[in-house]
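Subject: Handover of a structure for your review

Dear colleague,

Please find below the sequence and the structure that I am handing over to you. My findings follow directly after them, in an order that you can trace on the screen.

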Amino acid sequence: SSISAYYYTVMRDVFVGSLWAIGIFLMAYKGPEKKDDLAGNLACIFAIGIALFPAAPDVSASLPQKIIGYLHLGFAAAFFLTLAYFCLVLFCKTAPRDQPTPRKLLRNRVYKVCGYAIVTCIVLMAVVSLFFDTSSVKNIDPLFWLESSAIWAFGWSWFIKGEGLLKDTGI
């Protein structure tokens with residue numbers, strides 16, 4: 001039903017280990033300013049929080065599991081919001097003394113599209129969770145697909161930021 005539901009499958013160790021690895025990579029990220037480092041460190045904490053506090057199981061969740069599940073949701077929301085912040089704010093920065101190149105302007109558009117895609121996915125996840133909890137919409141696992149889409153959007157923006165695509169040429 002969601003990426004976090006993998007916690008209750010044989011893939012639990014891969015899921016939890018991946019979150020720890022993502023957290024460590026984000027902690028290692030060092031940007032040009034303190035706020036870049038802070039965002040990376042917060043994203044690290046949120047990713048590890050997602051790993052340490054699993055989502056409540058889809059069926060027969062006990063009260064402690066539900067409470068831990070709410071912590072999981074908080075960490076997940078903060079994590080996705082931090083990823084959106086990377087895309088919408090940090091990746092779009094240009095040094096004040098520099099004039100952005102045409103490629104930088106194009107990269108900024110990609111970052112914005114990815115950031116707004118993440119925010120849209122967050123909003124849709126909330127809508128699905130609040131208003132379609134027992135409907136047939138849940139049969140197509142919208143949370144899984146929205147989480148996956150948000151992660152892919154961030155992945156593409158990170159790839160672009162690393163100049164895997166749209167690199168400035170001749171500079």
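May I begin with helix H4, which covers residues 102–131 of this predicted model. Helix H4 contains 30 residues and reaches 43 Å from its first C-alpha to its last, close to the 44 Å expected at 1.5 Å a residue. Its buried residues are Lys104, Arg107, Asn108, Tyr111, Cys114, Gly115, Ile118, Cys121, Ile122, Met125 and Val128. The cover over these buried residues of H4 includes helix H3 (63–90) and helix H5 (142–161).

The chain as a whole

The protein chain has 5 helices and 0 strands, and from the N terminus on its elements run α-α-α-α-α. Its C-alpha atoms fill a box of roughly 60 × 30 × 25 Å, taken along the principal axes. Of the 171 residues in the chain, 37% are buried. Among contacts between residues at least 6 apart in sequence, 67% join residues at least 24 apart. The accessible surface comes to about 10,300 Å², and 69% of this surface belongs to carbon and sulfur atoms.

Which residues make the nonpolar surface patch of about 550 Å²? They are Val119, Val123, Val127, Leu130, Phe131 and Phe132. One of them, Leu130, has its place in helix H4. Leu130 counts as exposed because its relative accessible area is 65%, and the cut-off for that class is over 50%.

Phe159 is found in helix H5. With a relative accessible area of 40%, Phe159 is partly exposed. Leaving aside residues up to four places away in sequence, Phe159 touches Gly164 and Leu165. The C-alpha atoms of Phe159 and His72 are separated by 27 Å, and these two residues are 87 residues apart along the chain.

Salt bridges

Side chains of opposite charge can pair when their charged atoms come close. In this model the count comes to 5 salt bridges.

I would draw your attention to Glu33, which forms a salt bridge with Lys93; the closest N and O atoms of the pair are 3.7 Å apart. Glu33 lies in the loop between helix H1 (12–28) and helix H2 (34–52), and Lys93 lies in the loop between H3 and H4, so the pair ties together parts that are 60 residues apart in sequence.

Arg107, one of the buried residues of H4, takes part in a salt bridge with Glu163, where the closest N and O atoms are 4.0 Å apart. This pair links distant parts of the chain, with Arg107 in helix H4 and Glu163 in the segment after H5, 56 residues apart. Is Arg107 buried or exposed? At 5% relative accessibility, Arg107 counts as buried, because the limit for that class is under 20%. Glu163, by contrast, is partly exposed, with a relative accessible area of 32%.

Asp168 forms a salt bridge with Arg107 as well, and here the closest N and O atoms are 3.2 Å apart. Asp168 is in the segment after H5 and Arg107 is in helix H4, 61 residues apart, which again links distant parts of the chain.

Two backbone angles

Most residues other than glycine have a negative phi. Where does the model show a positive phi of about 55° in a residue that is not a glycine? Ser60 has this value. Ser60 lies in the loop between H2 and H3 and, at 73% relative accessibility, counts as exposed.

Asp141 also has a positive phi, near 55°, and is a residue other than glycine. Asp141 is found in the loop between H4 and H5. At 30% relative accessibility, Asp141 counts as partly exposed.

Yours sincerely

Technical notes
Residues numbered from 1 in each chain as written. Predicted model: local features only at pLDDT ≥ 70, side-chain atom pairs only at ≥ 80, totals over all residues. Heavy atoms only, no water. Helix = DSSP H or I, 4+ residues; strand = E, 2+ residues; numbered from the N terminus. Expected span 1.5 Å × (residues − 1). Buried < 20%, exposed > 50% of the residue type's maximum accessible area, 1.4 Å probe, protein only. Contact = heavy atoms within 4.5 Å. Patch = residues over 30% accessible without salt bridge, like charges linked within 9 Å, V, L, I, M, F, W, Y side chains within 5 Å. Areas by Shrake-Rupley, 256 points an atom, 1.4 Å probe, with all protein chains shown as cover. Salt bridge = Lys/Arg side-chain N within 4 Å of Asp/Glu carboxyl O.
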